[in-house]
Amino acid sequence: MKRWIVLFILIASVHSAFAYISGIAIQTDKNSTFQVYINGKLRTAQPKSFVRIKSNPGLFHVMVKVLNPNDKEWYVLRKDVRVTKGYEFYYKVDFSQGKRPVLKLVKRSPVYSHYFLNPALYNKRPTA
């Protein structure tokens, strides 16, 4: 009987470890298009205005190539993002008149929201 209880606890702990995934969401202010590179890999093949990416927790080097709607020039924004387990980090590209765009953290929400659980909202690119 004790073996069954230990086996059940072991299986339950393995399943709970997979529940703690994380994510990064990036959006622009004025629906300008951008491309996202994470750790040097292109995550969006076509420029978009909103990207949501599931990931494991850790440190990521995010590079965003964005078109500024004010002066119609492409800018490259770089930021190191530390993602903790169980949360989605929501970033927004902020355009100020006469300044470079800035990637800002807007909010941090738990992964158990209806946006995070809908797989149609995420960018699905194979990782090699």
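The questions below concern this predicted model.

Q: Why is S32 called buried?
A: The relative accessible area of S32 is 6%. Buried means under 20%. The value 6% is under that cut-off, so S32 counts as buried.

Q: Where is S32 found?
A: S32 sits in the loop between β1 (22–28) and β2 (34–38).

Q: What makes K48 a contact of S32?
A: Contact means heavy atoms within 4.5 Å. S32 and K48 meet that rule, so they are in contact. Leaving aside neighbours within four places in sequence, S32 also touches S49, V66, L67, N68, P69 and F95.

Q: How far apart are S32 and S49 in sequence and in space?
A: They are 17 residues apart in sequence. From C-alpha to C-alpha, S32 and S49 are 5.7 Å apart in space.

Q: How do you know that β1 and β4 pair?
A: Pairing needs at least two bridges. Six bridges join β1 to β4 (residues 50–55), so they pair, in the antiparallel sense. A25 stands opposite R52 in β4.

Q: In which sense do β1 and β7 pair, parallel or antiparallel?
A: β1 and β7 (residues 87–94) pair in the parallel sense, over six bridges. Q27 stands opposite K92 in β7.

Q: What makes β3 and β6 edge strands in their sheet?
A: Four strands form an open, antiparallel sheet in the order β3-β2-β5-β6. β3 (41–42) and β6 (73–83) each have a single partner strand, so one side of each is left without a neighbour in the sheet.

Technical notes
Residues numbered from 1 in each chain as written. Predicted model: local features only at pLDDT ≥ 70, side-chain atom pairs only at ≥ 80, totals over all residues. Heavy atoms only, no water. Helix = DSSP H or I, 4+ residues; strand = E, 2+ residues; numbered from the N terminus. Buried < 20%, exposed > 50% of the residue type's maximum accessible area, 1.4 Å probe, protein only.
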